[in-house]
Amino acid sequence: MEQLRKQSVLVIDDDSAVQISLALLLKQAGFEALTCTAPDQALGILAHRPLDLVLQDMNFSLQTSGEEGLALLCQIKELYPAMPVLLMTAWGSIALAVKGVKAGAANFFTKPWDNAQLVELIRATLELTAPRAPNRLSRSVLDGQFDFSAIVGEHPSLLKVLTTVGQVAKTRAPVLILGESGTGKELIADAIHKNSGRSGAVALKVNMGAITSSLFESEMFGHVRGAFTDAKTDRKGYVASAHGGTLFLDEIGELHRSDQVKLLRVLQDQHYQPVGASQPERADIRVVSATNRELAELVASGEFREDLFYRLNLITIRLAPLRERRSDIALLARHIIAQVAKDYGLEETTLTPQALEWLSAQSWPGNIRQLRQTLERTVLLVGERQLSQADLLYAEQKDDSSGSHRLGVDGMTLEQVERHMIEKAMEQHQGNISRVAKVLGLSRNALYRRLERHGLGVADQEPEA
């Protein structure tokens, strides 16, 4: 029966020693292993039997540019789009590996590999790429299976992220969350913890950019009394405080290179040693890390250790910026103003359709964080139970700190700009039609027509002068 079939993995490498080593490792892990030495042989095998995953070398000749490997990868993805491919290279070329991932590879690893880590990567890749039922990406279905109550949105890119979170949360696999500032990386980390077997234990957040190198070991691993001059008592570090739970390493890209090897030892050995202690202690933690920087590029430039990068990115989740999921902006806006009103003890506040339309048209370089700041400032400055587009722009103009993030009329249609200009002129001149018409360069009758078209009522129409 199909469900009893062993998952099969094809190893493509021109080195017989690599083939034998990987085939033995795969068989010991419960997989069926097939091997071949060249691209044409690989394509022949793929054409004649079902496979679940490909482990592919990047070079098949003395020339080590990797072009042969990339060409084979592109052929495989063109013929079998759903086939997951893991790339391997003996040179640890991050630029080449990133190029392969962009071409469709699921992930990459280097030779020599760590057996346990590679098996874990293979299992995670197969789990994440397994075919799902059509309704798998329904928000209602996901909410019925997992606790995503703190996350708002229904955009397909977000639903894919939530599906991945649901799949990996139950494991111990380290997760790396990538995304621009303000995209909600911390909420995703919280969701991973909430839906894991460690949900009853602590989820401890550490801002790696805020820890100085001189205090790194003491902060992370703790110290014993007398370890240094100011060590008056024993102190637990972050690792010990998160024992049995989840350790969220935020801004991991800011970690000083000299401290990266110290963190790597903990991830490799699951042990750490407090400063001044004579015996190591066990670290029972699940590590989730996040950064708004591209770690692969930091590895290529030498700022981030390659081996630590591999330890952190067994599962990588990439969050889309808000401008790429505009259909969620109205949902987020309603959620945020309801939350703000509740937090400040205010009456229920709503947004007009025009306000929601305007919000959805903005680029939001600061993402959800900027959207929240804009709405919170508007609620507090305007004080109305229903917020209009003009209210949002008024609050934005009142703010002197927004700098390059100022929204202004960016993203507005000509019709919206016209309405905005009329509203501001009416406000500035207290509804005096003659003055507003003069400022806008319109006749009084033309202004009245525009007021009517935009639904901007006037209590008393002045007689012609």
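The legends below describe close-up views of a predicted model.

Local features are given only where pLDDT is at least 70 and side-chain atom pairs only at pLDDT 80 or more, while totals for chains, interfaces and linings use all residues. Residues are numbered from 1 along each chain as its sequence is written, and side-chain values use heavy atoms, with hydrogens and water left out.

**View 1. The five-stranded open sheet.** The strands follow the order S2-S1-S3-S4-S5 with parallel pairing. Strands (E, at least two residues) and helices (H or I, at least four) are DSSP runs numbered from the N terminus, and two strands pair if DSSP finds at least two bridges between them. Strand S2 (32-36) and strand S5 (107-110) are the edge strands; each has a single partner strand, so one side of each lacks a neighbour in the sheet. On average, neighbouring strands are turned by 20° against each other, direction ignored. Such angles are taken between axes, which are lines fitted to C-alpha atoms (for helices over the stretch in contact), and run from 0 to 180 degrees between N-to-C directions.

**View 2. Strands S3 and S4.** Strand S3 (residues 53-57) runs parallel to strand S4 (residues 85-89), and four bridges join them. Asp57 has Met88 in S4 as its bridge partner.

**View 3. Helix H1 on the sheet.** Helix H1 (residues 16-28) lies across strand S1 (8-12), S2, S3 and S4. Its direction is at about 170° to that of S2. Contact here means heavy atoms within 4.5 Å.

**View 4. Aromatic rings.** The structure holds seven aromatic pairs. In the pair of Phe146 and Phe148, the ring centres are 5.6 Å apart and the planes are at 35°, so this pair is tilted. Rings of Phe, Tyr and Trp (its six-membered ring) pair if their centres lie within 6.5 Å; planes under 30 degrees apart count as stacked, over 60 as edge-to-face and the rest as tilted. Phe146 and Phe148 are both buried. Buried means under 20% relative accessible area, exposed over 50% and partly exposed in between (1.4 Å probe, protein chains only). One aromatic cluster is formed by Phe108, Phe309 and Tyr310.

**View 5. Positive phi at Trp364 and Asn367.** Trp364 is in the loop between helix H15 (353-361) and helix H16 (367-382). The phi of Trp364 is near 50°, a positive value in a residue other than glycine. Asn367, found in helix H16, is not a glycine either, yet has a positive phi of about 60°. Trp364 counts as buried because its relative accessibility is 0%. Asn367 is likewise buried, at 0%.
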